[in-house]
Amino acid sequence: MTQAPTEPTRPTPTSSHPSALDLEAFAAGEDSPRVVAHVEGCDACRGFVARAKTLTMRTPMDRALGEARRHETRRRFTLLASAGVPLAAAAAAVLFLRAPLTTTTATTPGSASVAPVALAENDPDTTFKGGVQLAVVRDRTGAQDRFVGTVRVRPGDRLRVEVALDRSQAILAGVLGDDGSWVELMPEAIRDAGTHFSEKSVRIDEHRANGTILVGAPADVKRARDGKQPNGKQPNGKRADGVRTLSVEWEAP
Amino acid sequence: MIFRGLTASEVSEVYRRYGPLLERRCRLLLRDDVLAEDALHELCATLLRRGEPLRDAASPFRWLCRAVERTSLDLLRRRKRVREALPIDDVDALGPAPGVDVDARRAVLEALDALLPDQQTLAIMLFVDGMTQSEAADELGVSRVTVNKRAQELRGTLRLRLEEPPEEAAS
């Protein structure tokens, strides 16, 4: 048995009006027989619809659409650029793994084909755990360059990260200095699929320092920060425990 | 499932037809003109990228409202620490629809960034959009009893705000 709801079915008991969404849809030209019939006989709703029809845009269409198209072009370029290398590697791996299947380990003892064949048999379901792509934009005296590998810096440079996601997920990004310092670039938040630029940038000062940019799920990033190798190195561009990394190196003057 | 995007001309048509109402919705939820513009840009990008379902939507406006709402709430979560909200009256030229509880609507809009994600969606449906619990239940894919229970919890969360005296009276 379930207790019957005691709340009114609509937030206000006196309301038999269509919802605001229905009235606004009607104002935008979406006809619904129920809404049409109600609006014809209701002064309040007719007034609301009439006012809704007089609303005007503050943001010009060209600007919104232009911005969206630029954003989309950037995203596609990023995904294409970042997907190219893994796809090529995957294709090479498939060719490499397929070839030994025709030759047995007995006929080629000690050859390099033994391990891959054994792996293929033991782990047939290959999964791809990607989903986060990382690039960094370096601003040097107004000139901007984009890097997907090591970025070299000198005093005065500004760095901003660009993160492409293939699905909505919580991420955190920042720069971990070799001295253990941490500068957050993208606060922990759930972000939609698409390309995101960090809200903050980091400015390189006069103190010589190297570091690593980390991006990933907040818990993974925190774990990576805690578990960083003593020499400050992280595998550049690789997923270290689910975290994307990119090295920042001091550029000799 | 992979969706395709709309063409630029389709997006332009969406913008022309629904733009003013969607912009007003963004401003109402975010109470920040810059964020509202960002939300509209993101909506356009989403339509260009994977807006195909809009073509078959029973109510395109409702589909767009939910899309722009997700974007807006995401922006709200990301920026809440540095945000100074505009007064509701300054961002809503249209005002509440007939039948919507004005006080509850104001309380929801003012407390939106303090609510949990599930609460935000339901609060918007019930107290901003003025939907019935049945309509909300249909759209959320849950029972009306569940919606009713969550609505009562929501009212409990908002009660303090609703019962707070207006600032003028307090000062």
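The side chains of B:R62 and A:D22 meet in a salt bridge, with 3.0 Å from N to O, the term standing for a side-chain nitrogen of Lys or Arg within 4 Å of a carboxyl oxygen of Asp or Glu. This pair crosses between chains, running from B:R62 in helix 3 (residues 60-79) of chain B to A:D22 in helix 1 (residues 20-27) of chain A. The model is a predicted one, in which local features need pLDDT of at least 70 and side-chain atom pairs count only at pLDDT 80 or more, while totals for chains, interfaces and linings use all residues. Residues are numbered from 1 along each chain as its sequence is written, chains are lettered from A and ligands numbered from 1 in the order in which they are written, and side-chain values use heavy atoms, with hydrogens and water left out.

**Salt bridges**

- Over all chains, the structure holds 24 salt bridges.
- B:D129 forms a salt bridge with B:R25, and the closest N and O atoms are 2.9 Å apart; because B:D129 lies in the loop between helix 6 (117-128) and helix 7 (133-140) of chain B and B:R25 lies in helix 1 (residues 8-30) of chain B, the pair ties together parts that are 104 residues apart in sequence.
- B:E139 forms a salt bridge with B:R66, where the closest N and O atoms are 2.4 Å apart; this pair links distant parts of the chain, with B:E139 in helix 7 of chain B and B:R66 in helix 3 of chain B, 73 residues apart.
- Salt bridges that share partners join A:D22, A:R34, B:R25, B:R62, B:R66, B:E69, B:D129 and B:E139 into one network.

**Accessibility of the paired residues**

- B:R66 is buried at 9%, whereas B:E139 counts as partly exposed at 30%.

**Strand 11 of chain A**

- Strand 11 (residues 243-250) of chain A is mostly covered, with seven of its eight residues buried; helices (H or I, at least four residues) and strands (E, at least two) are DSSP runs numbered from the N terminus.
- Strand 3 (residues 151-153) of chain A pairs with strand 11 in the parallel sense over three bridges, pairing being assigned if DSSP finds at least two bridges between two strands, and A:V151 stands opposite A:V248 in strand 11.
- Strand 9 (residues 211-216) of chain A runs antiparallel to strand 11 and is joined to it by six bridges, with A:L214 opposite A:T245 in strand 11.

Notes: Buried means under 20% relative accessible area, exposed over 50%, partly exposed in between (1.4 Å probe, protein chains only).
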